[in-house]
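Please read it alongside the sequence and the model.

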Amino acid sequence: MKQTIENEWLKVEIESNGAEIQSVEHKKNTLNYMWTGDSAYWGRVAPVLFPIVGRLKEDQYHLDGQTYEMSQHGFLRDVDFELSSLSAEHVSFEAASDGRFKNIYPYEFKATITYSLQQDSLSVDWKIENQNDTEMYFSIGAHPAFRIPLLENEGLEDYQLTFTPNPDKEVMEYGLENALVHEKGIRNHLPDITLQPDLFAKDAMIYSHIDRIELASTKSNHGVEVVFTDFPFVGIWSKYNEENNTIAPFVCIEPWYGIADMHDTTGDLKEKFGMNRLEADEVFQKGYTMTFK
């Protein structure tokens with residue numbers, strides 16, 4: 001079931017399955033900024049990634065002497081959420097594990113995902129509650145896909161990515177090989193990047209300690225600004241077609257609290273790079289904001 005929130009600037013539709021954004025319509029310029037979810041390219045729009053981000057080596061992990069299998073990005077994106085609150089500019093969804101995922105993830109949790117509007121911005125807030133009497137390990141990430149180009153007279157090359165690094169931390173660039181991560185090196189400067197297909201020929205671009213990314217047209221200035229201060233990682237991805245050197249008509253900007261397995265991982269979830277740990281009954285709360293221009 002879809003829920004709608006709106007204000008003077010934006011109208012947003014969110015599907016309760018996965019608590020996933022389906023569309024963001026700007027009332028001032030009549031543009032819809034989100035990807036359509038066409039399965040010919042990629043059948044999702046903005047899934048929430050939990051309890052892992054990316055792929056596990058051999059699609060499995062080890063925990064306390066047990067081996068578990070889990071597919072890329074985890075399972076929360078396919079869970080039916082319950083509506084917990086709704087107003088004109090705010091909606092909140094909840095999903096509790098209730099023992100349903102013990103065969104792939106042995107922890108009990110409750111996830112709350114909240115969407116709030118303020119003028120031309122949409123804020124997304126995550127709340128993960130550890131409902132165990134022991135520590136809990138998890139990752140969580142966003143995967144919103146933005147439609148590119150936004151106007152018929154524009155092309156891919158008219159769009160640029162602009163980065164704002166965290167001023168207090170080093171930026172590391174990562175690469176993917178067979179969906180596993182390796183370090184490419186520290187980046188002292190990230191110039192603006194003009195979009196072109198071969199950026200995604202080796203999968204996603206991944207960086208650490210970026211606070212903001214803007215994806216905007218140099219022709220019309222329409223685009224989106226994603227602010228995710230203090231997130232440890234961000235991925236930028238589109239589906240690449242090697243045969244004709246093109247990408248799908250969208251680009252994802254993905255703030256992450258977690259990352260795919262490193263190529264030399266031990267497979268132990270407690271040792272996994274980028275993993276978050278919650279003490280018993282502790283609560284994790286983080287969020288990010290998208291502004292549509």
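## Cavities

By class, the lining of the second largest cavity comprises six nonpolar, one polar and one charged residues. Here Ala, Val, Leu, Ile, Met, Phe, Trp, Tyr, Cys and Pro count as nonpolar, Asp, Glu, Lys and Arg as charged, and the others, Gly among them, as polar. The lining consists of Tyr33, Phe146, Arg147, Ile148, Leu150, Leu215, Gly223 and Val224, with at least two residues supplied by each of strand S13 (145-147) and strand S20 (223-227). The space inside the second largest cavity is about 40 Å³. A cavity is a set of points, on a 1 Å grid over the protein atoms alone, where a 1.4 Å probe fits but cannot get out, and lining residues have an atom within 4 Å of a point. Grid points are joined across faces, edges and corners, and a volume is the space filled by probe spheres set on the points.

The structure has two cavities of 30 Å³ or more. The largest cavity holds about 60 Å³, and its lining divides into 10 nonpolar, two polar and no charged residues. Among the lining residues are Ile21, Val48, Tyr115, Trp126, His143 and Tyr288. S10 and strand S12 (140-142) each supply at least two residues of this lining.

## Basis of the model

The model is predicted: local features need pLDDT of at least 70, side-chain atom pairs count only at pLDDT 80 or more, and totals for chains, interfaces and linings use all residues. Residues are numbered from 1 along each chain as its sequence is written, and side-chain values use heavy atoms, with hydrogens and water left out.

## Sheet

Nine strands form an open sheet with antiparallel pairing, in the order S7-S8-S9-S10-S26-S20-S19-S14-S17. Strand S7 (82-87) and strand S17 (193-194) stand at the edges with a single partner strand each, so one side of each has no neighbour in the sheet. Strands are DSSP runs (E, at least two residues), numbered from the N terminus, and two strands pair if DSSP finds at least two bridges between them.

Strand S10 (residues 121-130) runs antiparallel to strand S26 (residues 283-292), and nine bridges join them. Ser123 stands opposite Thr289 in S26.

## Asn7

Asn7 lies in the loop between strand S1 (2-6) and strand S2 (10-15). Asn7 counts as buried because its relative accessibility is 9%; buried means under 20% relative accessible area with a 1.4 Å probe, protein chains only.

The Asn7 side chain reaches the backbone nitrogen of Trp9 at 2.8 Å. Leaving aside neighbours within four places in sequence, Asn7 is in contact (heavy atoms within 4.5 Å) with Lys27, Glu89, Leu117, Gln118 and Gln119.

How values were computed:
Helix = DSSP H or I, 4+ residues; strand = E, 2+ residues; numbered from the N terminus. Buried < 20%, exposed > 50% of the residue type's maximum accessible area, 1.4 Å probe, protein only. Polar contact = N/O pair within 3.5 Å; in protein donor to acceptor, adjacent residues only side chain to side chain. 1 Å grid on protein atoms, 1.4 Å probe; cavity = no way out; pocket = protein on both sides within 12 Å on 5 of 7 lines; lining within 4 Å.
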